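Thanks for coming. I will talk through one structure today, starting with a strand and ending with the spaces inside and on the protein. Please have the sequence and the model open as we go.

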Amino acid sequence: MTFEHLYIENQDFPNRYISPEKLFSYLQTNLSDYILEIGRSYLDKPIYKLAIGKGDLRVLAWSQMHGNESNATHAMLDLLVTLEKNSEIKDELFNKISLDFIFMLNPDGSEKWTRLNAAEIDLNRDFHNEASTEIKFLKKIVSENKYDYALNLHEQRTIFTTDGVHPATLSFLAPSENEERTVTENRKKCMAVIGKVYDNLKRLIPNQIGRYSDEFYPTSTGDNFIKAGMPTILFEGGHFIDDYTRKGTRKYYTIALYYALKAIGELKSEITDWEKYLEIPENKETHYDIVYRNVKLNTDHECILDIAVQYREILEEGKDEISFVPFVIEAGDIKKRKGWLEIDCTGKRFISNTKYPKLDAEVSFKIEE
């Protein structure tokens, strides 16, 4: 039986939002033999590393470097409960690899559901400055250990597709080591692993797997780790149609994580099949969440246009789950972009709290009945 048929969702974490305190309590209660506190955040929250496996191949992975990207934390929690119920594949995997997994590298940002940490620093652009407390702990772990691979786990926006039609539910990247984007031996190692993941996932979510841009970012974590000699693979969890809480993405993120670890354990010293990575379509920026077509503005002058809306993910005080608040992003003749939801408003008015739709701001609006 394949892993996807064995998949179990961790029922202790049903929401997209994960409270750091709830995660810490769960780790201490259920995984105390595997976890170690490796440091404290800017606001003095613990950062935990889980260590599991006895294989010769050493892998480092981390989640929620950006606090509002919880899919990788879910994926690791789901992977652990699935393997716990299936000891044969658990033993097979962890006899080949040893995994260090840092849960919620940015617990302060995770608590507030923000990309940045409490000092308003993007950890993924702080590699050289080391202005953040948290990036220092990640780099310290890497300097103290010889890892064969690293998994840099993130999420991407709903704007991306693989082909202009299908959402990029998962995207992967073998990061560049230089501005020339040279295909080095370490990049080939990453490409070979991603190729194996792609082979296993493309039959499950066809046309929904993308390749992230390999533009070199001089300050980013993954680019600098691979530049320093540690093969590093980027994961990006994305949109699943009609699934803004990303339950479907969560499942396939878990499956991808398993197959990546399995591939690392099985790769031979000679790198083969890395070219398969190049078959994966590159992400395309093609969609908004909603596009209202042919809207008549609530103004003195006749004006018909399209209005594009994106949801902002907001954590409201006292709630256990995030809310999706519509923001107007673009207004005009929007022909090059589509909407996951398209609404024809011919003959109807856009009635809002502003005479003209204010861009990139929350607008209270409705479409005339």
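How many bridges join β11 to strand β12, and do the two run parallel or antiparallel? There are five bridges, and the strands run antiparallel. Before I go further, please note that this is a predicted model.

To find these strands, look at residues 287-297 for β11 and residues 304-314 for β12. Is β11 mostly covered or mostly open? Mostly covered: nine of its 11 residues are buried. As a general point, side chains in a regular strand alternate between the two faces of the sheet.

Next, the largest pocket. Its volume is about 960 Å³. The lining has 42 residues, and those closest to the centre are E69, R115, E155, Q156 and R157. Which strand gives the most to that lining? That is β12, with five residues. Among the other elements that supply at least two residues each are β5 (149-155), β11 and β13 (323-332). By class, the lining of this pocket has 14 nonpolar, 12 polar and 16 charged residues.

Now R246. You will find R246 in the loop between β9 (232-237) and α9 (247-266). Is R246 buried or exposed? The relative accessible area of R246 is 3%, which is under the 20% cut-off, so R246 counts as buried. Its side chain reaches the backbone oxygen of G237 at 3.0 Å. Neighbours within four places in sequence aside, the residues in contact with R246 include R16, N71, T158 and H239.

For comparison, take G229, in the loop between α8 (221-227) and β9. With a relative accessibility of 38%, G229 falls between the 20% and 50% cut-offs and therefore counts as partly exposed. G229 is 135 residues from F94 in sequence, and the C-alpha atoms of the two are 24 Å apart.

Rolling a probe the size of a water molecule over the atoms shows where empty space is left. How many cavities of 30 Å³ or more are there? The count is two.

The largest cavity holds about 60 Å³ of space. Its lining includes I89, L93, Y258 and L261. The elements that give two or more residues to this lining are α4 (87-94) and α9, and α9 gives the most, with five. Five of the lining residues are nonpolar, one is polar and four are charged.

The second largest cavity has a volume of about 30 Å³. R246 comes back here, as one of the lining residues, along with R16, N71 and others.

Notes:
Residues numbered from 1 in each chain as written. Predicted model: local features only at pLDDT ≥ 70, side-chain atom pairs only at ≥ 80, totals over all residues. Heavy atoms only, no water. Helix = DSSP H or I, 4+ residues; strand = E, 2+ residues; numbered from the N terminus. Buried < 20%, exposed > 50% of the residue type's maximum accessible area, 1.4 Å probe, protein only. Polar contact = N/O pair within 3.5 Å; in protein donor to acceptor, adjacent residues only side chain to side chain. Contact = heavy atoms within 4.5 Å. 1 Å grid on protein atoms, 1.4 Å probe; cavity = no way out; pocket = protein on both sides within 12 Å on 5 of 7 lines; lining within 4 Å. Points joined across faces, edges and corners; volume = space filled by probe spheres on them. Nonpolar A, V, L, I, M, F, W, Y, C, P; charged D, E, K, R; others polar. Pairing = 2+ DSSP bridges.
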